[in-house]
Amino acid sequence: MHPKRGSLLSLLFILSFAVIFLYSYHYHSSLHFSHSQNPNPNPNPNPQRFTITIKLLTFDRIDSLRRCLRSLSAADYGGDRVNLHVFVDHFRAIDPANGSALLDRKLEESRRILDLVDGFSWPHGEKLVHYRTANVGLQAQWLEAWWPKSDDDFAFVVEDDLELSPLYYKFLKELILKYYYDRSNYSPLIYGASLQRPRFVAGKHGNKLWLDSETHLFLYQMVGTWGQLLFPRPWKEFRLWYDVHKAKGIKPILQGMVTTGWYKKMGDRIWTPWFIKYIHSRGYYNIYTHFLHERALSISYRDAGVNYGKTAGPDSKLLDKNSIDFDLWELQPLKNLKWYDFCFREVHLGRIVRRYEELESVLRSFKEQKTIILVSLYRTVQRIARNLICHLERVGLQNFILISDDSEFLIDLAQRGYSVIDAKLLISSIGSDKSNGFEHFDMNLMKEIWVKANVVKKILELGYNLWVLDWNIIPISNPLLELPDPSYDFFAAKDVGLMYMKSSPSSLKVWVADFISNVAAVGKSLLGSNSISLEQKNFLYFATKALEDKGDVRLWQLDESSIGVRLGDDALNLSALDSRKMLFWSPGMSLTSVQRELENLDMWLIDGDSSCVAVFCHQ
C-alpha cells in the first residue's frame, strides 16, 4: 500500500513545524534575562586595574570640610592608591557697591578654605584642587566632577558635611569586586552603591521603608547623595542623556515623586531630579546597606546649605570596627538580594516564562492574588504596549502577565520587573501535535492561539481565575469589571477582546485538550469562509465561538456598552470615561490615530524616553 498524498503533506508539515520551533528555541534561548548571564561591560574585566577617585564637593562650610577631610584621611585604604579631587565652588557674585564688607568676608572665607585644602596631606594618591572662577551651584558640582576614563574607573562622591567610617573604603572595594567584577554577581542594571542609611521613599503614597534585621544589603532605585559610589558606564549614559534633554528644554518632571516637588521649588540648584528621571527611564538600581540601630558607613550632619536652611545634625550613627556586631564582609550573592522600586515595592526581575512548567512559579510570585490578568501584546508596537502597562499601574493592577512573541521586548520588560511569557519559546515546550489544520491559513495566528489556549488551561488548573484582554483595551478602574452573575464560569465580549474565566470544576471540564483543538477548528472555519472582520480575527473571538458551539457552558455575553466606551466616538470625553470601566478601540485603527486620540483625552502616559510619565504608588 502507498501512503495517501494528503498524509504525506501532513507529515511534511508537522516535520517542518517541528524544525522551525526547535530552531526558534535554540536561537532565542540565548536571549533569556538572568543576572548571571549578562556580560560585564568591560570586555577584559581585571580587578587589578580598577581605581577609585574621591570627589569631594565643597563651598563655604570650612568646619564641615575639615571634619570630612579628617574622616577620609583616617580610613583604611590597605595600601591602595586612591586619588582625592576637591571641587571648591566660588561664592556668589556680590556687587562691591552694595556690600564691600560682605565681599571682603567672602574672599577671606575662600582663602581659608583653599589654605585648608592646600595644607591637607593626602598620602594615598594624587590630590587635585579645582577652584572655580564663578559660582556654579550643587548641580554643576556633581555633574562636572567626573567623566570616567575607562570601565575600571569609579568615583565616590562626597559632600563636605559628611563623615566617613574608617571602614568605608574597604567595604566599597569589596562591593566592586563582588557586584561588578564577579560575572556571576554582575547586573547591568546596577549603577552604584550608597553608604548612607536608607530612610526615604521617594514615591508619593509609597510603602514604609522596612527591612528585616537579617538584611544588610538590598537594591533600591533611589540615588543616595550622602556617600554615593558611581559605576562608570551608567554615569556616562546619564551625562549623555542629560545633555540631550537639557538641550531640548525637557524638564525632569516625574509625576508621583516627592523629588519633583523639590525641582519645582529649587529648579536647577539640585541635580537629583535629573538623575532620578534617568534611572526611571532605564530601570536602574542602587546598592544600599542596612545596619541596625541607625548605623551607616557615611553620615550627614545636614549642615545649613542648599538642602537645609539650618543645621539639622547627624542623621545616623557612624559604624566602626568597635560597633560591629555582625559580619560586615559577608556579601550575599546577587540572586539572594531583594530589589525595590521608587515606591519601595519589592520587584521580581527576570520573570520570563519560557517553558510550560515555569508558569506555576511565576504565578506563585503574585502571592495572595487569586485572579490573574493575561495581557496580549501580539500585533502591536512597543509605544502602545508601554502606554497600556502604564495604565495598568495607574489603576493599581499588579497581578498581570504580558504575553507576546517579541523576545527582545519581553526581556526589557522582565528587566523592569514585569512578568512575561515568551510565546516563541513556550510553544516548543507545549508541543504542536494538536495544532494541525491551520497550516493553510495564518501560521503566526495559529501559534498565538495554540499558546494562549494552553496558557489559559494551565492557569485554570492551578486554581487561578483569569482575565484575558488584548492590547486595544485600557482599564480605567480597578477592579476591571463587576461581574453580573458570579455563578457563571465564562464572561466574554468577543468583539472587544475581553474574557473572564473562573477556575471551577465545571470550567476545568470545559477547557481541556479537545476544547483547545475545537478553538483551532473554529478559527480554521471562520478564516476559510472569508467572512471574518479584523476585529474578530483573534484568539478570544475564536474561543468564545467555541464555547457557544459547545452549548452546555455557563457563558455570559457582555455587551460592549456595559464594559466601556469606544475610542473615536464623537461624544467621547473625559466625563464619559469617568463613569466607565474601560476604553477600547478597533485593532484596525491606525496606531497614529490611537495615540492622537489618547493624547486628546490625557490618556497617553508615555514620555520621550518611552517610560511612564509618572510613578504610581498604591498602598
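This is a predicted model: local features need pLDDT of at least 70, side-chain atom pairs count only at pLDDT 80 or more; totals for chains, interfaces and linings use all residues.
Colleague: How many aromatic pairs does the structure hold?

Modeller: There are 53 aromatic pairs. Take Tyr180 and Tyr186, whose rings sit 6.1 Å centre to centre with 90° between the planes, an edge-to-face pair.

Colleague: Are Tyr180 and Tyr186 buried or exposed?

Modeller: Both are buried.

Colleague: And why is the pair of Trp511 and Phe515 called tilted?

Modeller: The general idea is that planes under 30 degrees apart count as stacked, over 60 as edge-to-face and the rest as tilted. Here the planes of Trp511 and Phe515 are at 55°, so the pair is tilted, with ring centres 4.8 Å apart. Trp511 is buried at a relative accessible area of 2%, and Phe515 is buried with a value of 2%.

Colleague: What about charges and rings: which ring has the charged end of Arg554 over it?

Modeller: That's Tyr488, with the charged end of Arg554 at 4.3 Å from the ring centre. Another case is Arg351, which lies over the face of Phe366 at 5.5 Å from the ring centre.

Colleague: Now helices. How many residues of helix 8 are buried?

Modeller: In general, an α-helix has 3.6 residues a turn, so residues three or four places apart point the same way. Helix 8 spans residues 272-282, and ten of its eleven residues are buried. Among them are Trp274, Phe275, Lys277 and His280.

Colleague: What do those buried residues pack against?

Modeller: Helix 4 (137-143), strand 6 (190-194), helix 6 (232-247) and helix 7 (258-266). After helix 8 comes Gly283, with a positive phi near 75°.

Conventions. Residues are numbered from 1 along each chain as its sequence is written. Side-chain values use heavy atoms; hydrogens and water are left out. Rings of Phe, Tyr and Trp (its six-membered ring) pair if their centres lie within 6.5 Å; planes under 30 degrees apart count as stacked, over 60 as edge-to-face and the rest as tilted. Buried means under 20% relative accessible area, exposed over 50%, partly exposed in between (1.4 Å probe, protein chains only). A charge sits over a ring if NZ of Lys or CZ of Arg is within 6 Å of the ring centre and within 35 degrees of the ring normal. Helices (H or I, at least four residues) and strands (E, at least two) are DSSP runs, numbered from the N terminus. Contact means heavy atoms within 4.5 Å.
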